[in-house]
Amino acid sequence: MNIGSSWGYKSWEKNWKSAETIIRNLNTIAARGGNYLLNVGPDPTGVVPAPALDCLRKVGEWMRVNGEAIYATQRSEIFPPWGECIRKDEKKNSVYYLSVFQWPEDGKLAFDTKYTVKEAMLLADGTKLKFTKTPGGITIQVPTQAPDKIATVVRLELKEKLPAIQLISNTAKAFEIADE
């Protein structure tokens, strides 16, 4: 993706992508197991245009706080309606990073999971969050206002390690079927 409307420098560029767009794209791409290649075209003297630089600074600030939810992660194969879910496997257990784009007005974030959650916390400041089990998963008690208006990350530590994700995607399986 490019940060403007063109793949190269244009002196007349006015259509810059916002930090919100870049950050949310980054979360979505991580949640689906992809890599994000962001094109930033400097001017002929090598200077990055100010609007692009401003956007990149904001993305960098978000990453300094929430990078744990992006780096060395993998797809989760969970697609919540309020944002994205990213997975990381640790030595003995797994962690879900819930990137919340649409903050719940009632302070209750529903998350469907069949796995046992050990701990829930806001990634930004380590605030522990209470949660209750529900028939389909858990409900997490979150602050009434989103700490980050773009993407607040809730870290869920699980009591167990999740099964490995299959490397063959549904798309690959569809091509196999089409070839038959």
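User: What share of the 180 residues of the protein counts as buried?

Analyst: Of the 180 residues in this protein, 39% count as buried. The model is a predicted one. A residue is called buried when its relative accessible area is under 20%.

User: Which elements make up the protein, and in what order do they run?

Analyst: The protein has three helices and nine strands. Read from the N terminus, the order is α-α-β-β-β-β-β-β-β-β-β-α. Along the principal axes, the C-alpha atoms fill a box of roughly 55 × 55 × 30 Å. Among contacts with a separation of 6 or more, 64% are made by residues 24 or more positions apart.

User: Why is the pair of W82 and F111 called tilted?

Analyst: Two aromatic pairs are counted in the structure. For W82 and F111, the ring centres are 6.4 Å apart and the planes meet at 50 degrees.

User: What does the pair of W82 and F111 tie together?

Analyst: W82 belongs to the loop between β1 (74-75) and β2 (83-89), while F111 belongs to strand β4 (residues 108-112), so the pair ties together parts that are 29 residues apart in sequence. Both W82 and F111 are buried.

User: What makes the pair of Y96 and F111 edge-to-face?

Analyst: The centres of the Y96 and F111 rings are 5.5 Å apart, with 70 degrees between the planes. Planes over 60 degrees apart count as edge-to-face, so the value of 70 degrees gives the pair of Y96 and F111 that name. This pair also links distant parts of the chain, since Y96 is in strand β3 (residues 94-100) and F111 is in strand β4, 15 residues apart. Through ring pairs, W82, Y96 and F111 are linked into a cluster.

User: How do you know whether Y96 and F111 are buried or exposed?

Analyst: The relative accessibility of Y96 is 3%, and that of F111 is 2%. The cut-off for buried is under 20%, so Y96 counts as buried and F111 counts as buried.

User: Which residues of α1 are buried, and what do they pack against?

Analyst: The buried residues in α1 are A19, I22, I23, L26, N27, A30 and A31. They pack against α2 (50-66), β1, β2 and β3. After α1 comes G33, which has a positive phi near 80 degrees.

User: Why is E20 called partly exposed?

Analyst: E20 is found in helix α1 and has a relative accessibility of 35%. Buried requires under 20% and exposed requires over 50%, so E20, at 35%, counts as partly exposed. The C-alpha atoms of E20 and S6 are separated by 19 Å, and these residues are 14 residues apart along the chain.

User: What makes N35 an exposed residue?

Analyst: N35 is in the loop between α1 and α2. Its relative accessible area is 78%, and exposed means over 50%, so N35 is exposed. The C-alpha atom of N35 is separated by 34 Å from that of T132, 97 residues apart along the chain.

User: Which residues line the second largest pocket?

Analyst: L26, I29, A30, G33, G34, N35, Y36, I70, T73 and Q74 form this lining. The second largest pocket has a volume of about 160 Å³. Helix α1 gives the most to its lining, with three residues. By class, the lining has five nonpolar, five polar and no charged residues.

User: How many cavities of 30 Å³ or more does the structure hold?

Analyst: The structure holds one such cavity. The largest cavity contains about 80 Å³ of space. It is lined by 14 residues, of which I3, S6, G8, W16 and G41 are the closest to its centre. By class, this lining has five nonpolar, seven polar and two charged residues.

Technical notes
Residues are numbered from 1 along each chain as its sequence is written. This is a predicted model: local features need pLDDT of at least 70, side-chain atom pairs count only at pLDDT 80 or more; totals for chains, interfaces and linings use all residues. Side-chain values use heavy atoms; hydrogens and water are left out. Rings of Phe, Tyr and Trp (its six-membered ring) pair if their centres lie within 6.5 Å; planes under 30 degrees apart count as stacked, over 60 as edge-to-face and the rest as tilted. Helices (H or I, at least four residues) and strands (E, at least two) are DSSP runs, numbered from the N terminus. Buried means under 20% relative accessible area, exposed over 50%, partly exposed in between (1.4 Å probe, protein chains only). On a 1 Å grid over the protein atoms alone, a cavity is a set of points where a 1.4 Å probe fits but cannot get out, and a pocket is an open set with protein on both sides within 12 Å along at least five of seven lines; lining residues have an atom within 4 Å of a point. Grid points are joined across faces, edges and corners, and a volume is the space filled by probe spheres set on the points. Ala, Val, Leu, Ile, Met, Phe, Trp, Tyr, Cys and Pro count as nonpolar, Asp, Glu, Lys and Arg as charged, and the others, Gly among them, as polar. Contact means heavy atoms within 4.5 Å.
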